[in-house]
Amino acid sequence: MATDSCEDAIAELQKLLSEKCGLETVAAAKIKQITAELEKTGSEPFDAVERIKTGFGRFKTEKYEKNPTLYDELAKGQSPKFMVFACSDSRVCPSHILDFQPGEAFMVRNIANMVPPYDQTKYSGVGAAIEYAVLHLKVENIVVIGHSCCGGIKGLMSIPDDGTTASDFIEQWVQICLPAKSKVKTEYTDLTFAEQCTNCEKEAVNVSLGNLLTYPFVREAVVKKTLALKGAHYDFVNGSFELWSFEVNLSPPLPA
Amino acid sequence: MQHNMDMATSSSDVAIEGLRPLLSDKEGLDEIAAAKIEKLTAELQEQEQEQDHECDPVERIKDGFIHFKIHHFDKYPDYYKQLAEGQHPKFLVFACSDSRVSPSHVLNFKPGEAFMCRNIANLVPAFNQLRYSGVGAVIEYAVKHLEVENILVIGHSRCGGIEALMSLPADGTTSNDFIDDWVKIALPAKAKVESEWSDATFEQQCEYLGRESVNLSLVNLLSYPYVQAALANKALKLMGGYYDFVNGTFGLWKADFDIKPPIII
């Protein structure tokens with residue numbers, strides 16, 4: 001099954017063949033030759049080094065060299081408007097699903113796109129990323145994107161009620177969003193496990209958004225309205241995307 | 001046509017003033033001119049909408065997803081249907097959170113190819129269930145459950161995290177809540193750079209540190225038992241990478257760690 005870049009190339013070739021007559025026979029012969037060559041390479045083990053070399057080569061010719069002004073500017077510095085939390089899942093990279101171009105989005109990717117609460121001992125990694133994005137890069141939006149069929153959320157939902165865990169890290173990590181699991185288990189008792197997981201994927205995003213406010217620099221920027229918080233859910237089964245706002249309003253002190 | 005005698009302040013006003021005499025001098029141009037101006041207005045409206053979309057984060061996200069849906073998701077339904085059933089990435093990639101270095105662009109990874117962990121300065125700390133559960137969870141899931149065949153750690157030029165590390169005072173005092181403590185993971189790499197390249201400029205030292213911290217991260221990977229086991233079974237390969245976006249180059253190197261069986265003395 002061809003990936004999209006291969007399908008694009010095939011479409012271009014077919015377009016050329018339909019426009020210019022007389023190329024059919026030559027093209028057919030060459031395509032058979034390519035097929036034979038690929039069959040040979042197909043039976044060889046996957047070559048990771050080649051894959052990386054080819055990948056960078058395509059980026060260089062199709063993007064880097066075609067946009068020298070953009071890449072010159074980017075080399076000097078970045079000023080992304082977005083900070084994005086997305087799952088490490090190979091299917092949900094925001095560069096694909098939201099078409100973010102180089103320079104647009106500062107990204108954190110971890111299991112189940114979680115934002116833990118402020119904790120300098122346990123969660124310095126996420127804290128460092130948020131601190132850098134908000135205080136140094138001054139991003140204007142933080143978006144936390146959950147997704148369908150998330151293994152991390154499924155893991156969270158599968159932890160037995162007595163809390164016993166069998167993993168070194170995964171279950172500890174995903175329990176950051178235990179409040180989401182509790183909510184789903186209480187409010188959606190009639191749903192199937194899979195449906196509960198979908199709800200948990202979205203509720204976990206809300207837990208993460210709430211956790212963002214435990215970082216004083218986030219809270220300050222949100223109150224000053226220089227930073228907006230958003231939640232999202234990418235459903236790759238149905239091909240849909242939900243986006244919602246997380247609004248925080250603190251009134252001035254009320255008279256006693 | 002009425003001549004506007006007020007002061008023209010903008011360049012478009014000046015241009016319109018240049019058009020008016022032509023229309024009054026030559027007959028029959030009115031309709032053609034009107035059509036062209038209407039077309040221009042429509043084009044500008046579209047451009048303004050595009051700019052608005054760029055400025056409005058909600059519109060930017062909507063546009064982005066629609067673009068993905070039309071050009072990828074709906075265009076290749078078989079591919080995305082199979083992905084929805086399960087992922088089998090061959091790579092676990094560590095990359096910096098920097099907006100300029102997404103491996104989906106730089107290495108042209110397509111959906112399904114690479115499980116990704118992105119953090120400040122693409123660091124892999126050593127096994128620590130208290131302090132570094134985030135990275136631990138990624139490695140545990142990718143190696144033990146997804147059984148990725150390759151781990152690639154990619155550093156990059158002009159990394160803010162690396163610069164912060166290089167700038168840390170020798171007495172170890174920190175000046176922020178998290179960043180300094182996080183980048184201290186790579187202190188051993190900094191020590192190496194300071195001893196081997198003590199005469200280099202700060203910028204040069206940062207470039208060396210970017211690469212040495214990748215090597216340190218590769219070594220830290222060994223502290224995870226599942227990584228060790230997969231390496232011993234020859235089911236896993238480790239690689240380091242360095243994306244230099246100033247010069248447009250990508251360096252790639254393999255890391256071979258081998259613990260041979262003991263000899264009985």
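Me: What percentage of the 265 residues of chain B count as buried?
Reply: This is a predicted model, in which local features need pLDDT of at least 70, side-chain atom pairs count only at pLDDT 80 or more, and totals for chains, interfaces and linings use all residues; side-chain values use heavy atoms, without hydrogens and water. Residues are numbered from 1 along each chain as its sequence is written, with chains lettered from A and ligands numbered from 1 in the order in which they are written. Buried means under 20% relative accessible area, exposed over 50%, and partly exposed in between (1.4 Å probe, protein chains only). Among the 265 residues of chain B, the share that counts as buried is 46%.

Me: Is Ala186(B) buried or exposed?
Reply: Ala186(B) lies in the loop between helix H8 (179-183) and helix H9 (187-196) of chain B; helices (H or I, at least four residues) and strands (E, at least two) are DSSP runs, numbered from the N terminus. Leaving aside residues up to four places away in sequence, Ala186(B) touches Leu123(B), Leu165(B), Ser213(B) and Leu216(B), where contact means heavy atoms within 4.5 Å. Because the relative accessible area of Ala186(B) is 0%, this residue is buried.

Me: What radius of gyration does chain B have?
Reply: The C-alpha trace of chain B spans about 110 × 55 × 30 Å along its principal axes. The radius of gyration is taken over C-alpha atoms, and the globule rule is 2.2 Å times the number of residues to the power 0.38. For a compact globule of 265 residues the value would be near 18 Å, whereas chain B has 28 Å.

Me: How much area do chain B and chain A bury between them?
Reply: The size of an interface is often given as the accessible area lost when the parts come together. Here 82 residues of chain B are in contact with 83 residues of chain A. Buried area is the accessible area (1.4 Å probe) that two parts lose on being put together, summed over both. With 63% of it on carbon and sulfur atoms, the area buried between chain B and chain A is about 7,400 Å².

Me: Which residue of chain A forms a salt bridge with Arg60(B)?
Reply: A salt bridge is a side-chain nitrogen of Lys or Arg within 4 Å of a carboxyl oxygen of Asp or Glu. By this rule, two salt bridges are found across the interface of chain B and chain A. With the closest N and O atoms 2.8 Å apart, the partner of Arg60(B) in a salt bridge is Glu104(A).
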